[in-house]
Amino acid sequence: MDAQAIAAARSALPTSPAAGSTALLTDRYELTMLQAALRSGAAHRRSVFEVFTRRLPEGRRYGVLAGTGRVLDAVENFRFTTAQLDWLADQRVVDEPTLRWLADYRFRGDIHGYPEGEVYFPGSPLLTVEGTFAEAVILETVILSILNFDSAIAAAASRMTAAAGERPCIEMGARRAHESAAVAAARAAYIAGFAATSDLEAGFTHGIPTTGTAAHAFTLLHDSERDAFTAQLASMGTGTTLLVDTYDLAEAVRTAVEVAGPELGAVRIDSGDLTLLAHRVRRQLDELGAERTRIIVTSDLDEYAIAALAAAPVDGYGVGTSLVTGSGHPTCAMVYKLVARAGSTDPGAPLVPVAKRSAGAKSSVGGRKWAARRPDAEGVAQAEVVGTGPLPQELAPYTLHVPLVRGGEVVGREPLTAARERHLRARAALPLSATQLSKGDPVLATELLVH
């Protein structure tokens with residue numbers, strides 16, 4: 001199958017603009033608000049919504065934005081089908097005038113925000129959605145659903161790849177997540193530096209490198225470990241990775257080298273004291289002449305376990321459960337808030353800043369915002385500056401927002417590799433303490449300039 005045929009096949013997948021509707025991936029109250037606003041006439045007021053988070057998960061020093069590309073697909077696919085409209089009518093979710101409005105729905109506004117892979121901090125205006133109230137408000141749930149999950153996975157993955165250094169991390173969490181979430185998680189992990197995934201759907205859909213060889217079941221299937229290794233090598237060649245901890249580890253390593261020779265690609269250890277066993281296996285491989293055979297470790301790894309293995313003779317990590325659950329923080333607490341709206345339905349009416357004011361920690365800052373990351377004299381990020389009104393000239397070279405949708409047309413779609421490269425650059429520009437795993441405050445303070 002050539003590249004053109006693969007691209008055509010991908011165009012029919014659920015993440016693509018040609019796929020099915022995303023319009024019911026929403027909360028009921030989005031449509032009931034719409035109905036009430038249509039009746040009052042306020043639905044057609046120009047409005048600005050903003051995605052941000054008030055805080056990072058406890059102990060995290062930076063966030064990672066992921067899912068932007070999937071949001072763009074979801075916005076394009078946010079169109080109501082006849083079957084969906086019939087169901088809404090049957091369930092009496094909204095009235096007939098609202099159904100007629102939804103039948104013609106297309107997002108025709110503008111979206112701009114941080115590019116995918118960028119890091120962020122509390123108060124960073126990650127995504128700005130501008131259009132009429134009606135067309136922008138109903139996108140809230142699907143946008144937050146994507147960004148909260150994908151960014152949580154990317155943040156965990158970034159901590160893991162930072163802890164791993166030059167050693168590759170492999171995403172192996174498909175069996176620990178919903179099947180669709182597993183694909184999204186693999187995508188987010190790749191943005192944050194993971195080298196490959198075990199999930200073939202993620203590879204096919206997003207072009208992520210895939211990897212994997214055999215599980216313990218393959219060894220147990222055969223009459224002996226030697227028979228299993230021989231069969232795998234005959235099928236996959238000496239560059240394959242042999243799983244060596246089904247029975248006796250030392251005996252398995254000896255058998256693996258006897259069968260494969262010193263050119264064996266790698267061995268995988270999936271249980272036990274990984275630090276101790278990695279040292280033992282490395283010494284044994286070297287004594288058997290397999291100095292170039294790599295050691296891959298798996299078994300419930302997270303960023304802390306990876307960091308603890310830094311001094312061990314390990315060549316790569318396979319990470320599953322901790323990754324696809326955000327390593328203890330499966331969401332980013334992002335919100336989608338109205339920050340400005342026109343005083344009338346006149347297209348030229350000026351925008352008025354609006355904000356929720358409450359006694360708790362859920363207050364927000366009104367007004368359409370810009371964002372810039374101010375560096376110090378050596379180019380290291382010094383502060384996240386967020387403001388309303390004119391952008392200070394000295395911050396113009398450091399602005400973070402990019403156009404994503406103009407007049408309803410997507411303009412910000414990019415290859416996944418671009419987001420991946422951007423993340424590595426952005427993380428490298430943060431102060432060194434950003435990648436410390438000890439608990440601490442966000443590594444950059446957010447400065448607010450309100451006009």
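**A sheet and its surroundings**

Mentor: Of the 451 residues of the protein, 49% count as buried, where buried means under 20% relative accessible area, exposed over 50% and partly exposed in between, computed with a 1.4 Å probe on protein chains only. The model is a predicted one, in which local features need pLDDT of at least 70 and side-chain atom pairs count only at pLDDT 80 or more, while totals for chains, interfaces and linings use all residues. Residues are numbered from 1 along each chain as its sequence is written, and side-chain values use heavy atoms, with hydrogens and water left out.

Along the principal axes, the C-alpha atoms fill a box of roughly 80 × 55 × 40 Å. The protein has 16 helices and 18 strands; these are DSSP runs numbered from the N terminus, helices being H or I of at least four residues and strands E of at least two. Among contacts (heavy atoms within 4.5 Å) between residues at least 6 apart in sequence, 74% join residues at least 24 apart.

Two strands are said to pair if DSSP finds at least two bridges between them.

Thr68 belongs to helix α3 (residues 68-76). This residue is buried, at a relative accessible area of 6%; beyond its neighbours within four places in sequence, Thr68 is in contact with Tyr114, Glu116, Leu147 and Leu404.

The loop between α5 and β3 (110-113) holds Arg106, a residue that is partly exposed with a relative accessible area of 31%. Not counting residues up to four places away in sequence, Arg106 touches Arg79 and Glu135.

Helix α5 leads on to a helix pair. The axes of α2 (residues 28-40) and α5 (residues 96-103) come within 10 Å and cross at roughly 105°. The two helices are therefore roughly perpendicular, the term for angles of 65 to 115 degrees; under 35 counts as roughly parallel, over 145 as roughly antiparallel and the rest as oblique. Leu31, Leu34, Gln35 and Leu38 of α2 meet Thr98, Trp101 and Leu102 of α5. By class, this contact has five nonpolar, two polar and no charged residues; Ala, Val, Leu, Ile, Met, Phe, Trp, Tyr, Cys and Pro count as nonpolar, Asp, Glu, Lys and Arg as charged, and the others, Gly among them, as polar. In the loop between α4 (82-90) and α5, Arg92 has a positive phi of about 55° although it is not a glycine, and it is exposed at 70% relative accessibility.

Three bridges join β8 to strand β9 (residues 266-269) in the parallel sense, and Leu243 has Arg268 of β9 as its bridge partner.

Finally, the nonpolar cores deserve mention. A core is a set of buried Ala, Val, Leu, Ile, Met, Phe, Trp, Tyr and Cys residues joined through side-chain atoms within 4.5 Å. The largest has 61 residues, and those with the most contacts inside it are Val244, Val297, Tyr317 and Leu430. Another core, of 50 residues, lies apart from it and includes Phe49, Leu99, Val137 and Val386.

Terms used
Axes fitted to C-alpha atoms, helices over the stretch in contact; angles between N-to-C directions.
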